[in-house]
Amino acid sequence: MDLSGVYPPIPTPFSGVEENIDFVALSSNVDRWLTTGIRGLVVLGSNGEAPLVDDRESDAVIDTVRGRVADSRLVIAGTGRESTKAAVAASQRASGLGVDAVLVRTPSIFKAQTTSQAFIDHYTAVAEGSQAPVILYNFTALTGVTLPVEVVASLAEHPNIVGMKESGPDIGYVSALVDQTPDDFSVLVGSAPTFYASLMSGAVGGILALAVVVPDECVELFDLVQSFEYERARVLQRRLTPLAKLVTRVHGISGLKAALDLVGYVGGDPRFPLTASNQDARIELTEAFMSLDPELILRSSLGDLGYDLYFFQ
């Protein structure tokens, strides 16, 4: 399965005091992302607040997105759960809704008991129970566990396990994954500040929070590397890195949603217990956008923050 390209891991918009999923906003956002050069969309990853969304809501989100995305682009759904039984069931439901692949994060609550063999057994069961191909998902900073390279190499031999997303910035780990897995196993990365370096190490693409807010620029970086224009790619990476850090490590999901609002998508607030970004965070994000490209920010957003566009020219 060819997974090469750039994928935004899209946030889930909520509305009102009851924090219901805003399907109108979700549809509008999806339609706009599809005007860009992205390879596809990832729904209900960590940036989609998947642990805060129940199974009924998850299925409705997947169904809504799949219904708006043509078959020429991929829809990947996060179906990770703490129990193997629940992960299999979620993967089966997503398969039935027509996703192209499922993204399955590592179980992590019982860290001491989550051995290499436990990972192998868990993912083998999911791969054998899911009609859709399985993508492993490692996010050590979030879960506190790491898929050992030798475990990934073993799982990569399964015919229904087609790739892995590694969200950390460790290029050595990414290189080891590429080196020790078959050529038809796709390594995708989630760290936008090291996207260029990861591509140079053999990653085939990225599931990048940064691509949620500046998809065209992320696709441009990917295309430059594919065209062997390494110096231009390196320069673009350097320009993108400050914003990439803000919408991931510094301000997290609330910052990513605030950034969406600033560039004309519908971000809104995260679901509790997460809380919205404060004004200082929004100003910091605005300044990063303006440094990258002043045309990205809506004039109405600047007015809300008390800025004059000409201040940045």
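The structure is a predicted model, in which local features need pLDDT of at least 70 and side-chain atom pairs count only at pLDDT 80 or more, while totals for chains, interfaces and linings use all residues. Residues are numbered from 1 along each chain as its sequence is written, and side-chain values use heavy atoms, with hydrogens and water left out.

A nonpolar core is here a set of buried Ala, Val, Leu, Ile, Met, Phe, Trp, Tyr and Cys residues joined through side-chain atoms within 4.5 Å, where buried means under 20% relative accessible area, exposed over 50% and partly exposed in between, with a 1.4 Å probe and protein chains only. The largest such core has 88 residues, and V65, L210, V214 and F289 have the most contacts inside it. Helix 11, spanning residues 230-250, gives the most to this core, with seven residues; helices are DSSP runs of H or I with at least four residues, numbered from the N terminus. A second, separate core of 12 residues includes L3, V42, L103 and V162.

Contact means heavy atoms within 4.5 Å. Leaving aside neighbours within four places in sequence, L210 is in contact with A192, P215, C218, L240, L243, A244 and V247.

| Pair | Angle | Axis distance |
|---|---|---|
| Helix 11 and helix 13 | roughly 160° | within 9 Å |
| Helix 11 and helix 12 | about 135° | 6 Å |

Angles under 35 degrees count as roughly parallel, over 145 as roughly antiparallel, 65 to 115 as roughly perpendicular and the rest as oblique. The axes of helix 11 and helix 13 cross at roughly 160°, and helix 11 is therefore roughly antiparallel to helix 13. In this pair, R239, L240, L243, L246 and V247 of helix 11 meet E284, L285, A288, F289 and L292 of helix 13.

Helix 11 and helix 12, at about 135°, are therefore oblique to each other. Their contact is made by L246, V247, T248 and V250 of helix 11 with G252, L256 and A259 of helix 12. Helix 12 (residues 252-262) is mostly covered, with nine of its 11 residues buried, K257 being one of them. G264, which follows helix 12, has a positive phi near 95°.

P294 is found in the loop between helix 13 (279-292) and helix 14 (299-304), and this residue is partly exposed, with a relative accessible area of 27%.

Technical notes:
Helix = DSSP H or I, 4+ residues; strand = E, 2+ residues; numbered from the N terminus. Axes fitted to C-alpha atoms, helices over the stretch in contact; angles between N-to-C directions.
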